[in-house]
Amino acid sequence: MWPVGICAIATALTRCDIAFVIEMVPECLAEAERLGAKPLLLNEDPGAAIKAATDRCGADILLEVVGTLDAMRLCVDIVRTFGSISSVGVQTETVALEGPVLYGKNVTIAWGHCPVRGIFEEALATLDKVQDKVSFLCDRSIKLEEAEEACWLFNDRKAHKVLLVRTQ
């Protein structure tokens, strides 16, 4: 699982009792479950599972981190009436959503990158609460001169985050 997802799960579980994670990679779901989330495989109708767990109401809040139209449509499908969707996934295509569905559900959608400067203090306090759960994210250091290697380690899912160290 990518660091954004790991941090999102750890943060969500400081604010709610249940966090579902929808993913298509079984290893990522196992990692989400270790953090305390309820794993749902994408190809096993996660929307039906969430609706069943919420008495058909749907999820209160959804965080879309993938950045695809399909991911956003799934969020719209499983959000409850008066629910919220926050999309931080980088959308690279036109996203057309069903206006009547959004209107009928009275959905709030927040879109864009994380406003780090505006939430820094709150984010730092949350990190302090979940540090034991996410400390494994930064388990590798590499010399700055070897930054390309760090990119490949991340890309190949052999490292979550790589700390680049400047040598003297």
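Which elements do the buried residues of H4 pack against? I looked this up in the predicted model, where local features need pLDDT of at least 70 and side-chain atom pairs count only at pLDDT 80 or more, while totals for chains, interfaces and linings use all residues. Residues are numbered from 1 along each chain as its sequence is written, and side-chain values use heavy atoms, with hydrogens and water left out.

**Entry 1: helix H4**

I found that the buried residues of H4 pack against E1, helix H3 (46-53), E3, strand E4 (79-87), helix H5 (99-105) and strand E5 (108-111). Helices (H or I, at least four residues) and strands (E, at least two) are DSSP runs, numbered from the N terminus. Contact means heavy atoms within 4.5 Å. The residues concerned are Leu69, Ala71, Met72, Cys75, Val76 and Ile78. Buried stands for under 20% relative accessible area, exposed for over 50%, and partly exposed for in between (1.4 Å probe, protein chains only).

**Entry 2: overall layout**

I recorded 7 helices and 7 strands in the protein, following the pattern α-β-α-β-α-β-α-β-α-β-α-β-α-β along the sequence. The C-alpha atoms fill a box of roughly 60 × 35 × 35 Å, taken along the principal axes. Of the 168 residues, 31% are buried. Among contacts between residues at least 6 apart in sequence, 44% join residues at least 24 apart.

I then turned to helix H2 (residues 26-35), whose buried residues are Cys28, Leu29, Glu31, Ala32 and Leu35. These residues lie on the same side of H2, because they cover an arc of only 160° around the axis; the arc is that of the directions from the helix axis to the C-beta atoms. Their cover includes helix H1 (3-15), strand E1 (20-23), strand E2 (38-41) and helix H6 (116-134). Pro26, Glu27 and Arg34 are exposed on the other side of H2. Gly36 follows H2, with a positive phi near 110°.

In E1, I noted Val21 and Glu23 on the covered face, and Phe20 and Ile22 on the uncovered one. E1 pairs with E2 in the parallel sense over 4 bridges, where pairing requires that DSSP finds at least two bridges between the strands. Glu23 stands opposite Leu41 in E2.

**Entry 3: salt bridges**

My search of the whole structure gave 3 salt bridges, each a side-chain nitrogen of Lys or Arg within 4 Å of a carboxyl oxygen of Asp or Glu.

- Arg15 and Glu122 meet through their side chains (2.6 Å, N to O). Arg15 lies in helix H1 and Glu122 in helix H6, so the pair ties together parts that are 107 residues apart in sequence. Arg15 is exposed at 55% relative accessible area, whereas Glu122 is partly exposed at 45%.
- Asp77 and Lys51 meet at 3.4 Å, N to O. With Asp77 in helix H4 and Lys51 in helix H3, the pair ties together parts that are 26 residues apart in sequence.
- Arg80 and Asp60 have their closest N and O atoms 2.5 Å apart. Arg80 is in strand E4 and Asp60 in strand E3, 20 residues apart.

**Entry 4: helix H1 and the chain end**

Which residue does the C-alpha atom of Cys7 lie 9.4 Å from, 130 residues apart along the chain? I identified Leu137. Cys7 is found in helix H1 and counts as partly exposed, at 33% relative accessibility.
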